[in-house]
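Reader: Could we look at this structure together? I would like to understand its aromatic rings and its ligand.
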Amino acid sequence: MTETNLWDKPVSHGEILKRVWKHLDLGVLDRDHPFHTPVFGTVAYGAPRMRMIVLRRFWRRPARLAFHAHAGSPKVAEIRANPAVSWLFYHPRERFQVRITGVATLHTDDELHAEQWQATELFSRRCYVGEAPSRPSDKPTSGLPGDLVDRRPTREESEAGRANFVVVSSTIDEIDCVELNVKGHRRSHFAWKAKGELEMRWLTP
Ligand SMILES: Cc1cc2nc3c(=O)[nH]c(=O)nc-3n(C[C@H](O)[C@H](O)[C@H](O)COP(=O)(O)O)c2cc1C
């Protein structure tokens, strides 16, 4: 197979990885960035399960990601039973797909938990004062406590949510990137090995 163009000038794995890091940084900082709301996958007793979440933290060394969840949500129980997780990001304007696999940790009472709770707006804390997601209800429901449906809780009221607040972090063990292009798509793969060394490959898209 002779490759003539892909695309005009050579690219290194390092440049692609820098692009991933840039978008993950922006995904945390900018709520309008497409990487702000990835799909997060768990293994639910043998079956895959996916849902959107909000990306809250990204660290480069060692590479990790994190989001917030209600302690009573099914995904938290699924992670307890099997911490293998995956993340799916897509930037439609750049036509850039990033798939990440890792191993999750649940933070319920540590420094990261305290930091993230501190950073959570009072309005958002209502979700943790309220019911856990995925509970059956006789009628359509927000799960929020009745008196907090249309107002921000006081700081004191919001503290009732702290015990239900979980930070889910995950290692970044593998990254699989697809860059779409009319001149031929490009696919790269990154895997961090046990001793921290990074294995980089090209794959057919
Ligand atoms: C754009 C968007 C962002 C969301 N962000 C979160 C989040 O950060 N954390 C979370 O637990 N659920 C979030 N949800 C709700 C989940 O997708 C899901 O419905 C809920 O957490 C229950 O998931 P589970 O039953 O798999 O635990 C979000 C939903 C949408 C549509």
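This is a predicted model: local features need pLDDT of at least 70, side-chain atom pairs count only at pLDDT 80 or more; totals for chains, interfaces and linings use all residues.

Reader: How are the rings of Phe-40 and Trp-87 arranged?
Author: Their centres are 4.9 Å apart and their planes stand at 70 degrees. An angle over 60 degrees counts as edge-to-face, so the pair of Phe-40 and Trp-87 is edge-to-face.

Reader: Where do Phe-40 and Trp-87 lie?
Author: Phe-40 belongs to strand S1 (residues 39-44), while Trp-87 belongs to strand S5 (residues 84-91). The pair therefore ties together parts that are 47 residues apart in sequence.

Reader: And what about Trp-87 and Phe-89, which sort of pair are they?
Author: The planes of Trp-87 and Phe-89 are at 5 degrees and the ring centres are 6.3 Å apart, so this pair is stacked.

Reader: Is Trp-87 buried or exposed?
Author: Trp-87 is buried, because its relative accessible area is 2% and the cut-off for buried is under 20%. Phe-89, at 1% relative accessibility, is also counted as buried.

Reader: Which residues form the aromatic cluster?
Author: One aromatic cluster is formed by Phe-35, Phe-40, Phe-67, Trp-87 and Phe-89.

Reader: Which rings have a charged end over them?
Author: The ring of Phe-96 has the charged end of Arg-19 over it, 4.0 Å from the ring centre. The charged end of Arg-125 sits over the ring of Trp-117, at 4.2 Å from its centre.

Reader: Changing topic: which residues surround the ligand?
Author: Among them are Thr-37, Ile-53, His-68, Lys-75 and Pro-133. By class, the shell has six nonpolar, four polar and two charged residues.

Reader: What lies 2.8 Å from an oxygen atom of the ligand?
Author: An N or O atom in the side chain of Arg-51 is at that distance from a ligand oxygen. A polar backbone atom of Met-52 is also 2.8 Å from an oxygen atom of the ligand. For the side chain of Ser-134, an N or O atom is 2.6 Å from a ligand oxygen.

Reader: How much of the ligand does the protein cover?
Author: The protein covers 63% of the 620 Å² of accessible area that the ligand has on its own.

Reader: Which elements give two or more residues to the shell?
Author: They are strand S2 (47-52), strand S4 (64-70) and helix H2 (74-81).

Conventions
Residues are numbered from 1 along each chain as its sequence is written. Side-chain values use heavy atoms; hydrogens and water are left out. Rings of Phe, Tyr and Trp (its six-membered ring) pair if their centres lie within 6.5 Å; planes under 30 degrees apart count as stacked, over 60 as edge-to-face and the rest as tilted. Helices (H or I, at least four residues) and strands (E, at least two) are DSSP runs, numbered from the N terminus. Buried means under 20% relative accessible area, exposed over 50%, partly exposed in between (1.4 Å probe, protein chains only). A charge sits over a ring if NZ of Lys or CZ of Arg is within 6 Å of the ring centre and within 35 degrees of the ring normal. A residue is near a molecule or strand if one of its heavy atoms lies within 4 Å of it. A polar contact is a pair of N or O atoms within 3.5 Å; within protein, one must be able to donate a hydrogen and the other to accept it, and residues adjacent in sequence count only if both atoms are side-chain atoms. Accessible areas come from the Shrake-Rupley method with a 1.4 Å probe; for residues, only the protein chains shown count as cover. Ala, Val, Leu, Ile, Met, Phe, Trp, Tyr, Cys and Pro count as nonpolar, Asp, Glu, Lys and Arg as charged, and the others, Gly among them, as polar.
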